[in-house]
Amino acid sequence: MREIAAQQITDTVERLCVQANCHLPRDVKERITASHEGEPWPQAREILERIMENYAIADGNDRPICQDTGMACVFLKVGQEVHITGDVGEAVHEGVRRGYAKGYLRKSVVGDPLNRVNTGDNTPAMIYYELVPGDQVEITVAPKGFGSENMSQIKMLRPSDGVEGVKDFVVKVVEDAGANPCPPIVVGVGVGGTFDKAAYLAKKALMRPLDQRNSDPFYQALEEELLERINGLGIGPQGFGGKTTALAVNIEQCPTHIAGLPVAVNINCHVTRHQTEVL
Amino acid sequence: MAIRIQMPLTREQARTLKAGDSCLISGVIYTARDAAHKRLCALAAEGKELPLPIENATIYYVGPTPAKPGDAIGSAGPTTSYRMDAYSPTLIALGETGMIGKGKRGPEVVDAMKEHGAVYFGAIGGCGALLSQCIKKAEVIAYEDLGAEAIRRLEVEDFPVVVIIDSQGNNLYETGRAAYLKSQA
């Protein structure tokens, strides 16, 4: 049994909160650059240039890329042969507390959804645990902004709706969102499972590098077709018109019930942030 | 090519701006998000004085990150505007002439803009680090308890925006998309 102190988790989460908010992942930058090259509409190219300028400033000065430094979504893959000494949940929250203070990040969490008083330290984090074989702990911090989170939707389709129903729903969610979620967006789709599992898969899909397609050829083709349809809508960067409405469509699928076809669409803005470390 | 605008913005000036115009704003603007708008409208309903000079004012929908030592402000890009739709018609009737945000607006806001002469500007969402460089001074003037959502007085220089909806109700989200799609047909 390998021992990992809760303190190590706090230190890692603290570091990842700051890094994720100030430095856009390589794969997202590459997709933005490639989209700029393939964008035929001059106004849209101009906006993509400002977006590139923005993340360069953030990179160079350790500044938050966006003022909405998000709710801290923390994914922990815990090896079965690991024993964590201390309170792992509290260790994550403490890491968020410290990271958001040290990094001059915005505190955007209210302690109750209806009474709405800011907790002042961006806690609690939204924590997702997964038990996996091995003796390591993988920690991913993904700050999630709510301009795009608010445009996400879930629907329980009928099995008879089939793949066409899934496609139409995904495209409709993106079209309804329009300019609101700060396009170009990344579209995370969860298909199958239960009501809650589909939403979880959609969020998890946003963690997959944008240059990595689904390993199943059927879903890979679906991702590519959906991206093409979405980029034919004409919404464009910031909604001012253009080709680049989405940078990628990432789908995660899962077995489901004979009577159901859950589909969840989790939208992320062009500031799709996540950083990972393995302990 | 961009139109230079010196704040405050009069109703007459607001009426000259057209959807799609690129503008550079200089001078004083104010920040407020939904929590602050709610309080402003509650004051207005009681006939009380607002904590900012609303006549000819432009309000920027932003909740900045905390300023690092030596900086005027942290990252400061626009938030989604529709959350202010319930409150904007009241403020426009009281004299607000400009709003800066991102995303769609409801018909009640557009009607108030047409009636009184106001304009809705868009700043690039997700570019908070870039936009903060145009903000030279920031000072909390009301509702400090709201933290990032407090009302701030900002002094800006060549702050880049685009007119999304003008005082005639023309909408860049509709015209820009249609023009692009036409070019591809």
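Helix axes are taken here as lines fitted to C-alpha atoms, over the stretch in contact. In this predicted model, helix α1 (residues 6–22) of chain A packs against helix α4 (residues 88–102) of chain A at an angle of about 35°, the two axes lying 7 Å apart. The crossing of α1(A) and α4(A) is right-handed. On the α1(A) side, the contact is made by A:Ala6, A:Ile9, A:Thr10, A:Thr12, A:Val13, A:Glu14, A:Cys17 and A:Val18. Residues contributed by α4(A) include A:Val88, A:Ala91, A:Val92, A:Gly95, A:Val96, A:Arg98 and A:Tyr100. Classified by side chain, the contact of α1(A) with α4(A) comprises ten nonpolar, four polar and four charged residues.

Helix α6 (residues 162–177) of chain A consists of 16 residues and spans 23 Å from its first C-alpha to its last, close to the 22 Å expected at 1.5 Å a residue. Its buried residues are A:Val166, A:Phe169, A:Val170, A:Val173, A:Val174 and A:Ala177. These residues lie on the same side of α6(A), because they cover an arc of only 130° around the axis. Such an arrangement can be related to helical geometry: an α-helix has 3.6 residues a turn, so residues three or four places apart point the same way. The exposed residues A:Gly162, A:Glu164 and A:Asp176 are carried by the face of α6(A) turned away from its buried side. Cover for the buried residues of α6(A) is provided by elements of chain A including β6 (153–157), β7 (185–193), α8 (217–230), β8 (246–256) and β9 (261–268). Just after α6(A), A:Gly178 adopts a positive phi of about 55°.

Two cis peptide bonds are described here. In chain A, one joins A:Pro183 and A:Pro184, with omega about 10°; A:Pro184 is located in the loop between α6 and β7 of that chain. In chain B, a cis peptide bond links B:Met7 and B:Pro8, with omega about 0°, and B:Pro8 lies in the loop between β1 (3–6) and α1 (11–16) of chain B.

Positive phi values also occur at residues other than glycine. A:Gln238, in the loop between α8 and β8 of chain A, has a positive phi of about 65°. With 31 other C-beta atoms within 10 Å, A:Gln238 is buried, the cut-off for burial being 20 or more. B:Asp158, which belongs to strand β7 (residues 151–165) of chain B, has a positive phi near 50°. B:Asp158 is partly exposed, with 13 other C-beta atoms within 10 Å.

Notes: Residues are numbered from 1 along each chain as its sequence is written. Chains are lettered from A and ligands numbered from 1 in the order in which they are written. This is a predicted model: local features need pLDDT of at least 70, side-chain atom pairs count only at pLDDT 80 or more; totals for chains, interfaces and linings use all residues. Axes are lines fitted to C-alpha atoms, for helices over the stretch in contact, and angles run from 0 to 180 degrees between N-to-C directions. Helices (H or I, at least four residues) and strands (E, at least two) are DSSP runs, numbered from the N terminus. A crossing is left-handed if the near helix is turned anticlockwise from the far one by less than a right angle, and right-handed if clockwise. Two residues are in contact if their C-beta atoms, placed from the backbone, lie within 7 Å. Ala, Val, Leu, Ile, Met, Phe, Trp, Tyr, Cys and Pro count as nonpolar, Asp, Glu, Lys and Arg as charged, and the others, Gly among them, as polar. The expected span of a helix is 1.5 Å times one less than its number of residues. A residue is buried if 20 or more other C-beta atoms lie within 10 Å of its own, exposed if 12 or fewer, and partly exposed in between; C-beta atoms are placed from the backbone. The arc is that of the directions from the helix axis to the C-beta atoms.
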